[in-house]
Amino acid sequence: MRKAVCPGSFDPPTFGHLDIVSRAACLFDHVSVAVLVNDNKRSLFGVDERLDMLAAATRELDNVAVTSFHGLLIDFCTANDIAVIVKGLRANDIGYELSMAQMNRSVGAVETVFIPTSPEWSYLASSLVKEIARFGGDVSKLVPSYVVDRLRRQVAD
Ligand code: PNS
């Protein structure tokens with residue numbers, strides 16, 4: 001069975017993430033979408049909310065499961081018998097993503113497969129979505145409708 005993981009912060013999940021997850025689901029028998037639990041980084045959404053949103057977004061993908069992890073991604077891969085990390089790649093991601101991929105292969109013997117981001121999402125980032133939402137901008141073309149609603153509630157608090 002070819003298993004892969006799509007890791008990330010997903011704060012919040014965007015159409016760019018979902019594009020990569022659905023394309024990974026066509027390439028692998030099973031895909032874990034894994035949310036990093038990072039106590040050192042302030043996130044807008046709690047881990048459970050991000051898992052909820054991802055579960056809703058991937059409901060129709062039978063070979064995709066949503067989960068969270070602490071610590072090193074390579075340890076998550078080993079514990080779950082996963083040999084491949086899947087990452088979406090935007091034009092400006094290459095330097096950082098390449099060093100993470102090389103480090104994960106060097107330390108953990110886990111390969112990374114890059115999927116080029118679809119051109120329509122090449123500018124999309126969760127951080128920008130949050131900034132637009134904070135100032136009342138329209139993010140409905142960038143994230144699923146239930147994420148739009150949660151963003152509205154979250155930034156109003
Ligand atoms: O969505 P993000 O924040 O760009 O995702 C980054 C993520 C979670 C994939 C990356 O930070 C990660 O793998 N963190 C886990 C800790 C780890 O393994 N660090 C070593 C990287 S070489």
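Which residue is the bridge partner of Lys 3 in strand 2? The partner is His 30. The model is predicted: local features require pLDDT of at least 70, side-chain atom pairs count only at pLDDT 80 or more, and totals for chains, interfaces and linings use all residues. Residues are numbered from 1 along each chain as its sequence is written, and side-chain values use heavy atoms, with hydrogens and water left out.

Strand 1 (residues 3–8) and strand 2 (residues 30–36) pair in the parallel sense over six bridges. Pairing requires at least two DSSP bridges between two strands. Strands (E, at least two residues) and helices (H or I, at least four) are DSSP runs, numbered from the N terminus. Five strands form an open sheet in the order 3-2-1-4-5, with parallel pairing. Strand 3 (64–69) and strand 5 are the edge strands, each pairing on one side only. From one strand to the next, the twist averages 30°. Axes here are lines fitted to C-alpha atoms, for helices over the stretch in contact, and angles run from 0 to 180 degrees between N-to-C directions.

Two aromatic pairs are present. Rings of Phe, Tyr and Trp (its six-membered ring) pair if their centres lie within 6.5 Å; planes under 30 degrees apart count as stacked, over 60 as edge-to-face and the rest as tilted. Phe 15 and Trp 121 have ring centres 5.5 Å apart and planes at 35°, so this pair is tilted. Phe 15 lies in helix 1 (residues 15–27), and Trp 121 lies in the loop between strand 5 (111–116) and helix 5 (126–134), so the pair ties together parts 106 residues apart in sequence. Phe 15 is partly exposed, at 27% relative accessible area. Trp 121 is buried, at 17%. Buried means under 20% relative accessible area, exposed over 50%, and partly exposed in between (1.4 Å probe, protein chains only). The rings of Phe 69 and Phe 76 have centres 5.5 Å apart and planes at 45°, so that pair is tilted. Both Phe 69 and Phe 76 are buried.

The largest pocket has a volume of about 1300 Å³. A pocket is an open set of points on a 1 Å grid over the protein atoms alone, where a 1.4 Å probe fits, with protein on both sides within 12 Å along at least five of seven lines; lining residues have an atom within 4 Å of a point. Of the 47 lining residues, Pro 7, Gly 8, Ser 9, Lys 87 and Glu 97 are the closest to the pocket centre. Helix 4 (94–108) supplies at least two lining residues. Helix 4 gives the most, with seven residues.

Definitions and conventions: Points joined across faces, edges and corners; volume = space filled by probe spheres on them.
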